[in-house]
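The sequence and structure come first, and the text follows them.

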Amino acid sequence: MLPSGPTLCHALVIGVDGVRFDLLGQDTTPSIWTFGQAGFLAPVTIDEATPTMSGPCWATIVTGAGVAGHGITSNDLTGHRLADHPDFVTVATRAGLSTLLAVSAWPPLALPEDGGPLFAEATRREFVARTERSLAGWDAADEAITRLATGILAQDGPRLSFVYLGAVDIAGHLTGAGAAYRDQARAADQRVGRLLDAVRSRPSYEQEGWTIVVVTDHGHLDQGGHGGREPEVVTAWAAAAGPGIDPRGPPLITRQDQVAPLVLAALGHPWR
Ligand SMILES: [Zn+2]
């Protein structure tokens with residue numbers, strides 16, 4: 001067991017939008033696959049009350065509240081009740097922990113657009129806008145945020161970081177769940193690998209008690225798109241490893257509202 005406790009523990013959550021569970025494996029996503037073997041990698045079924053859209057799914061993941069709590073039912077966050085159900089980055093920031101929010105290309109997560117931001121407070125907030133509307137523009141934004149976040153993780157090692165990558169979901173929307181989608185998932189997996197390497201390269205890594213979560217929000221139809229209750233859409237997934245996560249035990253996340261409690265508990269912060 002690594003040392004744990006409020007002064008030593010750290011957490012990194014990597015959110016990769018719209019990655020189908022059946023895409024994961026040693027061939028396409030070796031970084032995520034190997035990471036999951038140190039803890040768990042498990043399917044997460046989106047509950048019946050939650051529209052299978054990015055807004056409500058990410059809101060549930062980062063607040064630990066369901067739709068009935070946070071009030072977000074679409075990608076327009078207007079009318080949300082996040083003041084009563086703050087995200088885990090905000091909770092950690094208010095508790096005095098150093099935090100990083102690093103978001104690629106989708107404004108309402110980080111900016112006051114479309115009723116956002118989902119994340120109210122962070123010690124450091126980084127948003128990379130896409131420079132063009134094409135998939136290449138999203139891919140470039142994912143690359144830029146990865147480069148930025150790896151530097152911050154390696155150098156400063158904030159107590160809690162959330163890094164968001166969005167290009168896989170866009171590939172699904174533009175081309176369906178075919179070759180381009182798979183290629184983009186491979187690119188996202190390599191970026192996840194670089195973020196993991198940045199943390200593990202820290203000289204004090206072994207003493208810092210890192211809990212790491214990699215999570216998606218929903219799947220995609222074969223022809224691309226989501227929003228319904230098809231199995232390939234409602235089957236999201238989460239992987240996590242860190243102190244107290246036994247690779248021989250059952251997965252500690254099988255519902256989206258279990259991510260935030262796990263992350264805050266890992267930081268020694270009481271849940272509600
Ligand atoms: Zn999404």
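## Charged pairs and their setting

With a relative accessibility of 36%, Arg229 counts as partly exposed, a class lying between buried (under 20% relative accessible area) and exposed (over 50%), computed with a 1.4 Å probe on protein chains only. The model is predicted, so local features need pLDDT of at least 70 and side-chain atom pairs count only at pLDDT 80 or more, while totals for chains, interfaces and linings use all residues. Residues are numbered from 1 along each chain as its sequence is written, and side-chain values use heavy atoms, with hydrogens and water left out.

Arg229 forms a salt bridge with Glu48, their closest N and O atoms being 3.9 Å apart; the term denotes a side-chain nitrogen of Lys or Arg within 4 Å of a carboxyl oxygen of Asp or Glu. Because Arg229 lies in the loop between E6 and H8 and Glu48 in the loop between E2 and helix H2 (54-63), the pair ties together parts that are 181 residues apart in sequence. Helices (H or I, at least four residues) and strands (E, at least two) are DSSP runs, numbered from the N terminus. The structure holds 14 salt bridges, including these:

| Pair | N to O distance |
|---|---|
| Arg229 and Glu48 | 3.9 Å |
| Glu143 and Arg147 | 3.4 Å |
| Asp246 and Arg248 | 3.1 Å |

Glu143 and Arg147 are 4 residues apart in helix H5 (residues 135-155), and are therefore separated by about one helical turn. Glu143 counts as buried at 19% relative accessibility, whereas Arg147 is exposed at 53%. Both belong to a network of salt bridges that also links Asp139, Arg191 and Arg194.

The zinc ion is coordinated by Asp17 (OD), Asp17 (OD), Ser54 (OG), Asp217 (OD) and His218 (NE2), at 1.9 to 2.8 Å. Donors here are N, O and S atoms within 2.8 Å of the metal (3.2 Å for Na, K and Ca), and sites may look incomplete because water is not among the atoms. Asp17 and His218 are both buried.

Strand E1 has 7 of its 7 residues buried. E1 pairs with E6 in the parallel sense over 6 bridges, where pairing requires at least two bridges found by DSSP, and Ala11 stands opposite Thr211 in E6. Another 6 bridges join E1 to strand E5 (residues 160-165), also in parallel, with Ser161 in E5 as the bridge partner of Leu12.
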